Amino acid sequence: MIILCADDYAMTEGVSRAIGELAAARRLSATSVLTTSRHWPGLAPRLLVHRAHLSIGLHLDLTLGPPLGPLPRLAPQGKLPAVSSLATWALGGVLDVEEIRAEIGRQLDRFEAGVGFPPDHIDGHQHVHVLPGIRRALLDTVARRYRARAPLIRDPSDSLSAITSRRTARPKALAIAALALGLKGAARKRGLRTNDSFAGFSSFDEREPYSAELERALSAPGQRHIVMCHPGHPDAELASLDPVV
């Protein structure tokens, strides 16, 4: 099974419109939603028309824009930190896990309020869900909250041989794989499902067609292979949020 997942739905109108167009054309298997975005409530109904053939999940956000509720230690000024700062605090063991657990709950609540059902899968914006502290808070919350049919948890790692064979953004893929070490086992101990392999890292090299990157990302799949992608119609709002446009 190969799951092609478009990340960042609701980040901007242009990103969401592109994901909707690809879903309508049956070019995607899944999308992950940023419920912290001001666009989310209004854009939620557009996804429901694709429900029969599109997995819809939560893109946990702890690094972009404002959180949904108070995070006095992580975001004292009401703005989420850069991923570099978040990773440093997580690896240093100084995150307030309880306030992060509360924010995870708020983002899940807002997801369910928008579409009327639990997420089919959960991953993280900039892969923050694999970081120490955040990982435990997420897995514990999901296992407790969804006892009947829990969402699949995205494992953004793969084997060394698969990453090497794809030859795309290898340092980034290896770094994320190192951070995600143990995620699969921790999820399974709680009865949660994960994917078996993962790809989709980009070198953002304009000299190479994206089609070539995507072809390599689809190679060396495991039994349940997730490939992330980031389609969108670029606009001024996207340029202000993401330097890679």
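I started with the largest cavity, where helix 9 gives the most to the lining, with three residues. Helices here are DSSP runs (H or I, at least four residues) and strands are E runs of at least two, numbered from the N terminus.

The model is predicted, so I noted its limits: local features need pLDDT of at least 70, side-chain atom pairs count only at pLDDT 80 or more, and totals for chains, interfaces and linings use all residues. Residues are numbered from 1 along each chain as its sequence is written, and side-chain values use heavy atoms, without hydrogens and water.

I looked up the cavities next. On a 1 Å grid over the protein atoms alone, a cavity is a set of points where a 1.4 Å probe fits but cannot get out; a pocket is an open set with protein on both sides within 12 Å along at least five of seven lines; lining residues have an atom within 4 Å of a point. Volume is the space filled by probe spheres set on the points, which are joined across faces, edges and corners.

I found two cavities of 30 Å³ or more. The largest holds about 120 Å³. Its lining has 14 residues, with Arg 166, Thr 168, Ala 199, Gly 200 and Phe 201 nearest the centre. The second largest cavity has about 40 Å³. Helix 9 supplies the largest share of that lining, four residues. Tyr 210, Glu 213 and Val 227 are among the residues that line the second largest cavity.

Then I checked the largest pocket. I read a volume of about 1400 Å³. It is lined by 47 residues, and Ser 202, Phe 204, His 230, Asp 242 and Val 244 lie nearest its centre.
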